[in-house]
Amino acid sequence: MNYIKMSPLTGMVGYGGGGTGLTFNSSAAGAGWLGDRGLWMGGYVSGVGSSATCQYVAITTAGNASTFGNLTTAANAGCGFAGGGRGIHCGGSVSGGYGSQIDYLPIANTGNASSFGTLLAGVYMPEGCSNGTRGLTTGGLDTSHGDNSNTDIWFLTVASTGNATDFGDIAQRTMKHGCMANATKGFIIGGDHRGESTRYGPERYYVTIDTTSNTSDMSDLDYNKYGMTSSSDETRGLHAQQKSDGSATDVLSYFDMENNGIATTFGQ
């Protein structure tokens, strides 16, 4: 998912990222989640609240964003991913609480989103990823866990419509974590483990997207991290984050996704 994620635009989600930021995706051949348009779906507007507005850019040319259409429900801090020419938006903060709605839109054609189905519960600040065929929503706050994050992984088949299905569980509660995928695996990195005895963590987990299962462990990050922003192509996963003491860091790290590699400093 060769995209860039810009966390200052909090609450906007796009092709493959999560509820902590804006994502846009650059074109590359072969992968079902890659394309030449980048989408922003929903978000938070100061003085207004949650937004239903979707915008897009043509990634291969420089220029301002243009109006794409609207979500079915105004929402911020949901998650988004893509596959087979569809963009998907899931959950987020909506009027009255946490939303369970799933919307989709055809990326090649501007217009309003349509209803895809529903998640298993209303959820706020989940993170999402896709291998182009299946999309996953991971963690977040939901209506069944009060003010704590959850361990839920749900999946849907991007090319069809319908409700999300249970995939498995993360080894611990998490939100504000990193989440990315290649054609085979989805990864869950660090995060805010609200409701656990240790609030922030360095843990890394993965799942094989075409199966259903609980997460498997990888080696830990070098320190506890949350407020993650993440991206990937078909080989490497990149992430940046806050430290557990709340201080910001400009360090980018990467790892080899296919071989569950150790996280290594990429740059700043």
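Reply: Happy to! In this predicted model, the sheet is an open one built from four strands, arranged in the order S6-S7-S8-S9 with antiparallel pairing. At its edges stand S6 (79-83) and S9 (114-118); each has a single partner strand, so one side of each is left without a neighbour in the sheet. On average, neighbouring strands here are turned by 25° against each other, with direction ignored.

Let's zoom in on one pair. S8 covers residues 97-106 and runs antiparallel to S9, with four bridges joining the two. For a landmark on this pair, look for glutamine 101, which stands opposite threonine 118 of S9.

Now to the packing that involves these strands. As a general point, nonpolar side chains in soluble globular proteins tend to be buried together. The largest nonpolar core of this model holds 14 residues, and Ile88, Cys90, Ile102, Leu119 and Leu156 have the most contacts inside it. At least two residues of this core come from each of S6, S7 (86-94), S8 and S14 (150-157).

Methionine 125 is not a glycine, yet has a positive phi of about 60°. Methionine 125 sits in the loop between S10 (123-124) and S11 (127-130), and because its relative accessibility is 12%, under the 20% limit, this residue counts as buried. Lysine 176, also not a glycine, has a positive phi of about 50°. The loop between S15 (165-174) and S16 (178-181) is where lysine 176 is found, and with 22% relative accessibility lysine 176 counts as partly exposed.

Finally, a word on charges. The count of salt bridges comes to one: arginine 199 pairs with aspartate 192, and their closest N and O atoms are 2.5 Å apart. That distance qualifies because the cut-off is 4 Å between a side-chain nitrogen of Lys or Arg and a carboxyl oxygen of Asp or Glu. As for the two partners, aspartate 192 is buried, at 1% relative accessible area, whereas arginine 199 is partly exposed, at 34%.

Terms used: Residues numbered from 1 in each chain as written. Predicted model: local features only at pLDDT ≥ 70, side-chain atom pairs only at ≥ 80, totals over all residues. Heavy atoms only, no water. Pairing = 2+ DSSP bridges. Axes fitted to C-alpha atoms, helices over the stretch in contact; angles between N-to-C directions. Buried < 20%, exposed > 50% of the residue type's maximum accessible area, 1.4 Å probe, protein only. Core = buried A, V, L, I, M, F, W, Y, C linked by side-chain atoms within 4.5 Å.
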